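Hi there,

I'm passing this structure on to you, and I've written up what I found in it below. Please open it alongside this note.

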Amino acid sequence: MPKRSSVILCVLFVISASSVFATAISCSVSDYPGGPPLTVIGDMSITKNIYWMNYSGSGLSTHLKFIIRFTTHGSPVQRIVQRFENVGPSFSSPFSIPFVSGNPVHGPAVLAVKDDFGKCTTPLVISNGAIESTDIPKNISDCTLAGPPPCIPAITQSQITISGFSSITKVKLYLWINHSKVSDLTVDLISPSATFVRVFNRHGGSGANLGLNSSRETILDDDAITPISAGTAPFEGSFTPDGPLSTFSGENPNGVWTLRVTDNLNANIGTIATWALEIADN
Ligand SMILES: [Ca+2]
């Protein structure tokens, strides 16, 4: 009997040890600063778009894959961002977030790592250098009829708090606003120094929306080719704003930025779905 017990114990140990080793893989994502310089083309603040992906396995792995899963254009996307052979048991590599059809990708994503021994996942937020609003969505109230037209404009505001930057060299604004008649709206951006820029002044005729979704937004960029006044709803892609964002250059960007959306005509309403700021600094 003692002999039989020890055999059973030994089998249990082997099963238990192999199941531990099969899942003994961990992964994480950390900030890029401190890593080697990388050259990536396509974004003015791309250094903020680079991360370290870290993996720890249980031995030398013949095949190691880093995969990012995210949602864009309303559909899930899976991309193998790095593939390695014969590395381990622990390994780190810099990686950058891919662009999709020229549009910025941001929002929640998952980094998955697979090696010979198992797989692991870790959540990450793709910021693409842009800082996202967190107090959204916000309903845009209608201009109030208090007698014959004109109506009393309705103001809706959303805010983003920024820290850790030095003085502004450039600002880009990403907007996704659902509104059934977007020409009801004026959109203003107000800096922490209370500088006010009217970036959108009632364009789009009877068309709806600024942007289509969180990956296909209206991007207001002084260096774009087409003025927003020459665009058509839903204004997907890059446009120069009505008032130049260079107005903010040289200011301290740290503090609270306000997006002010004003509805100037009664009947149609909407929502600030999301917005984001991308700031380049000295
Ligand atoms: Ca309205």
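In strand β16, Trp 257 is the bridge partner of Ile 160. Strands here are DSSP runs of E with at least two residues, numbered from the N terminus, and two strands pair if DSSP finds at least two bridges between them.

A word on the basis: this is a predicted model, where local features need pLDDT of at least 70 and side-chain atom pairs count only at pLDDT 80 or more, while totals for chains, interfaces and linings use all residues. Residues are numbered from 1 along each chain as its sequence is written.

The β10-β16 pair is part of an open sheet of four strands, in the order β10-β16-β12-β13, with antiparallel pairing.

Next, have a look at Leu 185, which sits in strand β12 (residues 185-190). Is Leu 185 buried or exposed? It counts as buried because it has 25 C-beta neighbours inside 10 Å (buried means 20 or more other C-beta atoms within 10 Å of a residue's own, exposed means 12 or fewer, partly exposed is in between, and C-beta atoms are placed from the backbone). Leaving out residues up to four places away in sequence, Leu 185 touches His 179, Phe 200, Arg 202, Val 261, Thr 262 and Asp 263; contact means that the C-beta atoms, placed from the backbone, lie within 7 Å.

Strand β11 (residues 168-179) is mostly covered, with nine of its 12 residues buried. It pairs antiparallel with β17 (residues 270-281) over 11 bridges, and there Leu 173 stands opposite Leu 277. β11 also runs antiparallel to β14 (residues 218-220), joined by three bridges, with Tyr 174 and Ile 219 as bridge partners.

Finally, the largest nonpolar core has 34 residues, and Leu 173, Leu 175, Leu 220 and Leu 277 have the most contacts inside it. Such a core is a set of buried Ala, Val, Leu, Ile, Met, Phe, Trp, Tyr and Cys residues joined through C-beta atoms within 7 Å. Which strand gives the largest share of this core? That is β11, with seven residues.

Happy exploring!

Definitions and conventions:
Two residues are in contact if their C-beta atoms, placed from the backbone, lie within 7 Å.
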